[in-house]
Amino acid sequence: MSDWTTFTDPQLLRIAATTASVPDLDAAEAGYADYLGFVAVERGALGADLVASWGRPGSAGARFVTMRAAGETDTFVRLVEAPAVADYRPLTSFGWTAFEIIVDDVHTLAARLATSPFEIIGSPRPLQFMPSIVAMQVVGPGGECLYFTMESGDRESSILPPPSGFVGRTFITVCAGEDFSAMLRWYVDHFALRERPVRQSKVDIIQRAQRLSSDETIELSAIGMRQRGNLLELDGYPVGPGRVAGPRPGNPMMLPPGNALVTLEIEQLDPVAALAIAPPARHGGAIYAGRRSCTIIGPAGELLELVEAG
């Protein structure tokens, strides 16, 4: 992609999984299966050792289902059952705020989701700085925000990955905080992610959610992991008197509501293990497959789970 501004060798390889908290696991699973074509690969209850590694012991025993897009094999979506948080509203708090999924035809998907458990909050429209990319935004059954995005131009040269089917894998995870520059430097300095230009962008769904004026911009950029089509978007939310953005509400002993946790594959854990909530350990199941993992609290309070490649 021509607008990379740094050409590093990122330590983060790719997005392995995203985790969302949902109040009704069975209904959420049905929505992902019926409308997005996702397939369940694993069900169970969260073990005490795993949630301890997240620093969220209150989530022990919570029911979960791990799913994947029909055409994918090693990128997952995990839904975890958790009580609804009354004062949580999507796109108004710090941490993980959206998971962006590649699709083949966003217009056909929008029509499918019009009468679904997914609330459309942004209809398909071209991106401000890359008009060949068309995206829509929805809120899922747990208040998790999902972006669905297609490349309408040349897919071979696109920064986007090719979709593996009608709905493909997560290729961007979005994190919001009050200090954009601090977030950017933290991720770049710890993981050598590739940088791209920082934009001052109008984002309709954020302006509406936070009651910002129609001409107000937010600072944002997407930084690159090693594998093509795996990016981390950072959004700077405006704070101060009259602003609504702030820390994520909820029980600090349990997973956050909505977009709860992101699992990224890293080449080696040891260089960042000292930052982890608990020492790296091996876990079974579809996402981990016996590999070592640990979780770090990121600069905006986000839970960043790292699983070692190999």
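1. A quick term before we dig in: two strands count as paired if DSSP finds at least two bridges between them. With that in hand, look at strand 14 (residues 281-282) and strand 15, which run antiparallel and are joined by 2 bridges. Here R282 sits opposite R292 of strand 15. Do keep in mind that this is a predicted model.

2. Now follow strand 15 to its other partner. Strand 16 (residues 303-308) pairs with strand 15 in the antiparallel sense, this time over 5 bridges, and T295 faces E305 of strand 16. The hairpin these two strands make has 5 residues between the strands, and G301 takes a positive phi near 85 degrees there.

3. Over to another set of strands. Strand 2 (residues 39-45) and strand 3 (residues 63-68) pair antiparallel through 6 bridges, with A40 opposite M67 of strand 3. Strand 3 also runs antiparallel to strand 4 (residues 76-81), joined by 4 bridges; T66 has R78 in strand 4 as its bridge partner.

4. Which residues touch the most other members of the largest nonpolar core? They are L79, F148, Y187, F191 and L306, out of 81 residues in that core. Helix 4 (residues 180-191) supplies the largest share, with 7 residues. A second, separate core has 17 residues, among them V51, L261, I287 and L303.

5. Setting aside neighbours within four places in sequence, F148 is in contact with residues including L36, I101, V103, L113 and M136.

Note on methods:
Residues numbered from 1 in each chain as written. Predicted model: local features only at pLDDT ≥ 70, side-chain atom pairs only at ≥ 80, totals over all residues. Heavy atoms only, no water. Core = buried A, V, L, I, M, F, W, Y, C linked by side-chain atoms within 4.5 Å. Buried < 20%, exposed > 50% of the residue type's maximum accessible area, 1.4 Å probe, protein only. Contact = heavy atoms within 4.5 Å.
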